[in-house]
Structures are given as structure tokens and as C-alpha cells.
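The chain is shown below.

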Amino acid sequence: MKNNREEDIENFEGMLPKDQEWFSPKEVGYIIGRSDQFVRDSISDGIIFAHNTAWIKDSKIDKRNYMRVHKKMLTLYLMETANYSAEMFTESLKQLIGQCTNYQLLILEKHIKEILFLGRRYSK
């Protein structure tokens, strides 16, 4: 059985692309709804953890600074800045579902089965 922390990690990681491990400041900004400059400042201030890398090509070091944020660090930032937990989100969702009609529940059931069994994640 998962504890609350594991549920939170799973919940917030689910917001990120599955096939991507590293993100540029621009990509992080898009995900969190802020500018890439906000992300760069947050990295400099130690709010978002990132890696600064220089590229080596033909024995020459590129002096430009390339910042990359790992998926785990972005998940950590999302968890720290959220005003809810996975448990709170699930409880709110259960309350909302409890107010649905039978027809709406059947439609939701169909979509949930597609997600669980076919791995499809989309919205209509």
C-alpha cells in the first residue's frame, strides 16, 4: 500500500511527459505557467534544482550555460508549491463524481477503462 508521499509523487509525475527526463527552462516555464526567466531565477535562487552544463565539441568548451531540470526535481518543485496533496485531489474528485448522473458515470467509466487498460491519456 502506498503512503501519502508516494501518492503525491505519482500524482505530480503524472503531469509531466512520460518520455522525457530532462527539461529546459523554457519547457519548465511552460509546464508551471511561468516565464523561462522566472525558471532561471528560481534555479539561481535554489528554488528549482537544476544542472548547469557546458558542451564540449571538437575539444573546445562551449561557454554558454545550458540549464536542465531533471523530471524528479521538477516533480519535487510541483509538490512543494502545490496547495493540495494527491489525497485531497482524490477526495475532491470523489465528491464531484458523486454528483454525476448515471449516464455521466458510464461515460467516465469508459474513459477510465481506456486509461487503465489501453494506456490512453487524452481528453474530449
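Before reading any handedness, I noted that a crossing counts as right-handed if the near helix is turned clockwise from the far one by less than a right angle, and as left-handed if anticlockwise. I also kept in mind that this is a predicted model.

Helix packing. I looked up helix H2 (residues 25-32) against helix H4 (residues 71-81) and found their axes 12 Å apart, at an angle of about 30°, and the crossing of H2 and H4 is right-handed. For the residues that meet, I listed Val28, Ile31 and Ile32 from H2 and Leu74, Tyr77 and Leu78 from H4; sorted by class, this contact has six nonpolar residues, with no polar and no charged ones.

Sheet. I then traced an open sheet of three strands, whose order is E1-E5-E2 and whose pairing is antiparallel. Strands E1 (22-23) and E2 (51-53) are at the edges with a single partner strand each, so one side of each has no neighbour in the sheet. Between E2 and E5 (residues 66-70), which run antiparallel, I found three bridges, and asparagine 52 has methionine 67 in E5 as its bridge partner.

Rings. Which residue lies over the face of phenylalanine 38? I found arginine 34 there, at 3.8 Å from the ring centre. My search for aromatic pairs, with ring centres within 6.5 Å as the cut-off, gave a count of zero.

How values were computed
Residues are numbered from 1 along each chain as its sequence is written. This is a predicted model: local features need pLDDT of at least 70, side-chain atom pairs count only at pLDDT 80 or more; totals for chains, interfaces and linings use all residues. Side-chain values use heavy atoms; hydrogens and water are left out. Axes are lines fitted to C-alpha atoms, for helices over the stretch in contact, and angles run from 0 to 180 degrees between N-to-C directions. Helices (H or I, at least four residues) and strands (E, at least two) are DSSP runs, numbered from the N terminus. Contact means heavy atoms within 4.5 Å. Ala, Val, Leu, Ile, Met, Phe, Trp, Tyr, Cys and Pro count as nonpolar, Asp, Glu, Lys and Arg as charged, and the others, Gly among them, as polar. Two strands pair if DSSP finds at least two bridges between them. Rings of Phe, Tyr and Trp (its six-membered ring) pair if their centres lie within 6.5 Å; planes under 30 degrees apart count as stacked, over 60 as edge-to-face and the rest as tilted. A charge sits over a ring if NZ of Lys or CZ of Arg is within 6 Å of the ring centre and within 35 degrees of the ring normal.
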